Amino acid sequence: MINVVRDQPAPLSLASLKSYRRPDVIEALHQVFNGKCYLTEKVFDSPKEMEVDHFLTKTERPDLVFDWQNLYVIDQKANKQRPKKTPVGGYLDPCHAEDNVEQEII
């Protein structure tokens with residue numbers, strides 16, 4: 001897991017609140033996460049290989065389904081294995097400056 005700076009503005013299509021998988025969203029996430037899965041660091045050859053994950057799950061926080069700050073790039077296998085309920089204490093957040101994930105997981 002690496003620290004990530006989310007320096008891209010929210011893609012315009014998210015404002016429609018209809019899809020978080022539109023090409024502009026996928027491309028922006030690919031750029032923000034340097035073409036890597038935020039959990040496994042698998043490198044994606046193409047944005048088409050990645051899935052979009054909700055850091056805070058859709059079930060637990062339906063109000064954040066289209067929130068740009070809650071969308072992350074994930075590998076399909078990792079997405080299927082990731083718990084669908086956030087554990088007590090939460091997860092380290094690679095986009096949050098206070099969670100130095102590179103230091104914490106060593």
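The largest pocket has a lining of 2 nonpolar, 4 polar and 6 charged residues. This briefing takes you through a predicted model, starting with that pocket and moving on to the nonpolar core and the aromatic pairs. Residue numbers start from 1 along the chain, so you can follow along in the sequence above.

**The largest pocket**

- The space in the largest pocket comes to about 180 Å³.
- Strand β1, residues 51-54, gives the most to the lining, with 4 residues.
- Those lining the pocket include Glu51, Val52, Asp53 and His54.
- Also among the lining residues are Thr57, Lys58 and Thr59, together with Tyr20 and Arg21.
- Asn79, Arg82 and Lys84 belong to the lining as well.

**The nonpolar core**

- The largest nonpolar core is made of 23 residues.
- Leu29, Phe33, Trp68 and Leu71 have the most contacts inside this core.
- Helix α1 (23-32) and strand β2 (71-74) each supply at least two of the core's residues.
- The largest share, 5 residues, comes from α1.
- If you set aside neighbours within four places in sequence, Leu29 is in contact with Trp68, Leu71, Tyr72 and Val73, and also with Arg6, Met50 and Val52.

**Aromatic pairs**

- Across the whole structure, a search finds 6 aromatic pairs.
- One of them joins Tyr20 and Phe66: the ring centres are 6.1 Å apart and the planes meet at 55°, so this pair counts as tilted.
- Tyr20 sits in the segment before α1 and Phe66 in the loop between β1 and β2, so the pair links distant parts of the chain, 46 residues apart.
- Tyr20 counts as buried because its relative accessibility is 9%, under the 20% cut-off.
- Phe66 has a relative accessibility of 23% and therefore counts as partly exposed.
- Another pair is formed by Tyr38 and Tyr72, with ring centres 5.0 Å apart and planes at 55°, so it is tilted.
- Because Tyr38 lies in the loop between α1 and β1 while Tyr72 is in strand β2, their pairing ties together parts that are 34 residues apart in sequence.
- Tyr38 and Tyr72 are both buried.
- Ring pairs also link Tyr38 and Tyr72 with Phe33, Phe55 and Tyr91 in a cluster.

- Phe33 is among the core residues with the most contacts and is part of the ring cluster.

Methods:
Predicted model: local features only at pLDDT ≥ 70, side-chain atom pairs only at ≥ 80, totals over all residues. Heavy atoms only, no water. Core = buried A, V, L, I, M, F, W, Y, C linked by side-chain atoms within 4.5 Å. Buried < 20%, exposed > 50% of the residue type's maximum accessible area, 1.4 Å probe, protein only. Contact = heavy atoms within 4.5 Å. 1 Å grid on protein atoms, 1.4 Å probe; cavity = no way out; pocket = protein on both sides within 12 Å on 5 of 7 lines; lining within 4 Å. Points joined across faces, edges and corners; volume = space filled by probe spheres on them. Nonpolar A, V, L, I, M, F, W, Y, C, P; charged D, E, K, R; others polar. Phe/Tyr/Trp six-rings, centres within 6.5 Å; stacked < 30°, edge-to-face > 60°.
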